[in-house]
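The following account is intended to be read with the model open alongside it. Please keep both the sequence and the coordinates in view.

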Amino acid sequence: MPRLNRKQKRRREEQKGLMALQAFMNVVIGVCRLYLFITSTFRPRRPELSLNPDFYQTHINNINRLVRGNDVDCDEQVRVNRHTFLRLCWLVRGVGLTDSRNVCLEERVAIFLWVLSHHTKQKRTKYQFYRSTKTISRHFNAVLQAVLRLHQMLLETPDPVPANYHDTRWNWFQANPHIDSKVRHWKSVRARIVDITNLSGYGWDAVNKRIDVEQAVWDAYEKVHPKKAQGLYGKSFRYFEDWQTIFGKDKATGAAAEDLTKWRGRIFPMKVWSHTTPMIFMIPYSITTINISPTLLQLP
């Protein structure tokens with residue numbers, strides 16, 4: 001047998017090493033397979049819940065549990081008692097809404113009331129009623145259209161309070177001039193407070209809801225503006241934030257005002273309606289008047 005050179009010896013050693021590594025991997029894989037077999041064979045199975053074969057009956061039982069149990073549960077879920085729920089079902093049935101092929105009328109109304117009362121999304125509603133998102137959306141819109149057809153019956157216009165009504169507590173709601181006068185007074189007070197707090201040295205105390213200013217500074221302001229300062233110093237206005245929300249956009253401050261010279265050279269769009277199709281032209285602004293033939297302009 002001829003002797004092997006150094007290169008052949010190194011190659012044979014590498015082959016032996018690969019064979020040993022392959023044998024080790026086969027042993028590891030065999031052990032893993034044995035472990036998986038043992039765990040899958042002797043592991044206790046999970047308990048499985050059997051589904052109701054009558055899926056339609058499941059929906060009926062759910063609605064019965066919702067609206068035929070007691071008034072407390074019905075009010076908590078759909079915000080009406082059982083009598084009101086069944087009354088609404090009778091009303092929408094009278095305007096043409098009936099049972100669909102797979103959904104009864106009571107379930108359709110329950111879906112509608114559930115979405116309104118809980119302000120929830122269709123993804124959550126479908127889990128509650130065992131329905132798809134498309135089914136929830138379709139039946140909600142169907143009941144909504146039926147309710148809109150009942151608006152004359154369900155929505156009642158309140159009668160105004162007469163002047164000789166026996167209960168004097170409602171007299172505040174019979175005269176609009178009194179309400180308008182109060183609103184004008186609130187707007188005036190809010191405007192005076194805003195003008196004063198915008199001055200230097202004046203602030204607003206958000207805790208006590210009043211103007212924050214020193215006595216000497218206020219006395220100087222009151223001498224110059226007696227009408228604006230009347231009845232404001234040291235007085236708490238607890239509804240001032242609400243006045244800001246209601247009347248905050250009613251007064252122009254002039255912050256975005258520009259004079260006429262700054263408008264020169266700007267481009268402004270102008271819509272011109274022809275006899276066929278509307279066109280938009282970008283016309284540069286100028287001080288001179290733009291004369292356009294009235295036959296080319298037609299108001300939309």
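The model is predicted, so local features are taken only at pLDDT of at least 70 and side-chain atom pairs only at pLDDT 80 or more, while totals for chains, interfaces and linings use all residues. Residues are numbered from 1 along each chain as its sequence is written, and side-chain values use heavy atoms, with hydrogens and water left out.

The chain contains 12 helices and 4 strands, these being DSSP runs numbered from the N terminus (helices H or I of at least four residues, strands E of at least two). Of its 300 residues, 21% count as buried; buried denotes under 20% relative accessible area, exposed over 50%, and partly exposed the range in between (1.4 Å probe, protein chains only). Among contacts (heavy atoms within 4.5 Å) between residues at least 6 apart in sequence, 47% join residues at least 24 apart.

The largest nonpolar core comprises 28 residues. Such a core is a set of buried Ala, Val, Leu, Ile, Met, Phe, Trp, Tyr and Cys residues joined through side-chain atoms within 4.5 Å. At least two of its residues come from each of α2 (55-67), α3 (71-78), α4 (82-94), α5 (105-118) and α7 (133-149), and α5 gives the largest share, 8 residues. F85, V92, L97, V109, L113 and F129 have the most contacts inside this core. Beyond its neighbours within four places in sequence, F85 touches V67, V80, E106, V109, A110 and L113. Apart from this core lies another, of 15 residues, including Y202, L232, F240 and W243.

How much of α5 is buried? Of its 14 residues, 10 are buried, among them V109, F112, L113 and W114. The elements covering these buried residues include α2, α3, α4, α6 (122-129) and α7. From first to last C-alpha, α5 reaches 20 Å, close to the 20 Å expected at 1.5 Å a residue, the expected span being 1.5 Å times one less than the number of residues. After α5 comes H119, with a positive phi near 50°.

F24 lies in helix α1 (residues 6-42) and is exposed, with a relative accessible area of 51%.
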